Amino acid sequence: MIRNIKNLINKKYFYRVMVTITIAIIIFLIGMFVLKYNIEGETNIPFTISKIAIISSGEGIDKQTSDTKWAFDIYQSNDIFLYLDKNQNYGKTEIIKSVKIDNIQINAIKKDNIKIYRPEEQEENVIFKNKEENIVQNLEYIGDMQSNLKQMKISNQGGIIAFRCSNDNLKQFTSNDEEINHQELLKKAEIIKEDLNANITFELILQLEAGKVYKTTINLDLPVEDVIEKGTTSKEIIDLNVKWERL
């Protein structure tokens, strides 16, 4: 019996079987690692998105008119703020070189009306202003000692970046009322919810001074509920399922 076992071991096909089994185990382990990465993404990253805040509001741009007391071009804006914080479990100190918002995709009935705006740089009392020179296709915040939305800078140890997604030229609204409550513009202009609904998807690309680059895709439904009735609504998203990819 022992001699038969020795003869079996000495045969070439025994070694081939063992090599095949070993290769199969290695391929299986690699496959499990790849599957885990595809599901969870990069988990050991230096910075995380801790919160996304959205402020939705209805607003109007004054127009010159001789026929009525008031005239507005109605638009509905969504101001989006993303909070990047240090990952306390990362264990090393990294420095942010830049944060980019790119490949912005919009799905909406009035898609052609929707514009992306960078923060307003000139006027001190507003964060955003819907004017031609502020319209962008993508944004880039540069890492600096301190965050500054207007100058599009983010603290190199984490901070806030922001942009506006605005549904412009919804309707022209006129009125002879003595006073106008801007919180009621959407309602008075009889704007319907279907004209406001939009889904926006964009890539957020985080580049570090050390040369590491991470990317994630963010998907948001706009606007925040009840903006027509309330005029201004807001929400914070903290239960984020963000999957990062190392580039």
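Student: Which accessibility class does Glu245 belong to: buried, partly exposed or exposed?

Tutor: This is a predicted model, and its accessibility values are to be read accordingly. Glu245 has a relative accessible area of 36%, so this residue is classed as partly exposed, since the class lies between the cut-offs of 20% and 50%.

Student: With which residue does Lys215 form a salt bridge?

Tutor: The general idea comes first. Side chains of opposite charge can pair when their charged atoms come close. Here Lys215 pairs with Glu245, and the closest N and O atoms are 4.0 Å apart. The bridge connects distant parts of the chain, as Lys215 belongs to strand 9 (residues 213–222) and Glu245 to strand 11 (residues 245–246), 30 residues apart.

Student: How many salt bridges does the structure hold?

Tutor: There are 12 salt bridges in the structure. One of them joins the side chains of Glu121 and Arg118, with an N to O distance of 3.8 Å. Glu121 has 44% relative accessibility and therefore counts as partly exposed, whereas Arg118, at 17%, counts as buried. Another brings together the side chains of Glu133 and Lys131, N to O 3.8 Å. In that pair Glu133 is exposed because its relative accessibility is 57%, and Lys131 is partly exposed because its relative accessible area is 21%.

Student: Where does the charged end of Lys51 sit?

Tutor: A charge may also be read against an aromatic ring. The charged end of Lys51 is placed over the ring of Tyr83, at 4.4 Å from the ring centre.

Student: How many aromatic pairs does a search of the whole structure find?

Tutor: Such a search returns 2 aromatic pairs. In one, Phe81 and Phe128 are arranged edge-to-face, with 6.3 Å centre to centre and 65 degrees between the planes. This pair links distant parts of the chain: Phe81 is in strand 2 (residues 70–86), while Phe128 is in the loop between strand 4 (114–117) and strand 5 (139–144), 47 residues apart. Phe81 and Phe128 are both buried.

Student: Why is the pair of Phe163 and Phe202 edge-to-face?

Tutor: The angle between the ring planes decides the class, and an angle over 60 degrees counts as edge-to-face. The planes of Phe163 and Phe202 stand at 85 degrees, with ring centres 5.3 Å apart, so this pair is edge-to-face. Phe163 is in strand 7 (residues 159–175) and Phe202 in strand 8 (residues 198–208), so the pair ties together parts that are 39 residues apart in sequence. Phe163 is buried, with 0% relative accessibility, and Phe202 is likewise buried at 0%.

Student: Where is Ser56, and which residues does Ser56 touch?

Tutor: Ser56 is in strand 1 (residues 47–62). Its relative accessibility is 0%, so Ser56 counts as buried. Leaving aside residues up to four places away in sequence, Ser56 touches Gln76, Ser77, Asn78, Pro223, Val224, Val227, Gly231, Thr232 and Thr233. Of these contacts, Asn78 is 22 residues from Ser56 along the chain, and their C-alpha atoms are separated by 4.4 Å.

Student: How far does the backbone nitrogen of Val224 lie from a polar atom of the side chain of Ser56?

Tutor: The distance is 2.9 Å, between the backbone nitrogen of Val224 and a polar side-chain atom of Ser56.

How values were computed:
Residues are numbered from 1 along each chain as its sequence is written. This is a predicted model: local features need pLDDT of at least 70, side-chain atom pairs count only at pLDDT 80 or more; totals for chains, interfaces and linings use all residues. Side-chain values use heavy atoms; hydrogens and water are left out. Rings of Phe, Tyr and Trp (its six-membered ring) pair if their centres lie within 6.5 Å; planes under 30 degrees apart count as stacked, over 60 as edge-to-face and the rest as tilted. Helices (H or I, at least four residues) and strands (E, at least two) are DSSP runs, numbered from the N terminus. Buried means under 20% relative accessible area, exposed over 50%, partly exposed in between (1.4 Å probe, protein chains only). A charge sits over a ring if NZ of Lys or CZ of Arg is within 6 Å of the ring centre and within 35 degrees of the ring normal. Contact means heavy atoms within 4.5 Å. A polar contact is a pair of N or O atoms within 3.5 Å; within protein, one must be able to donate a hydrogen and the other to accept it, and residues adjacent in sequence count only if both atoms are side-chain atoms.
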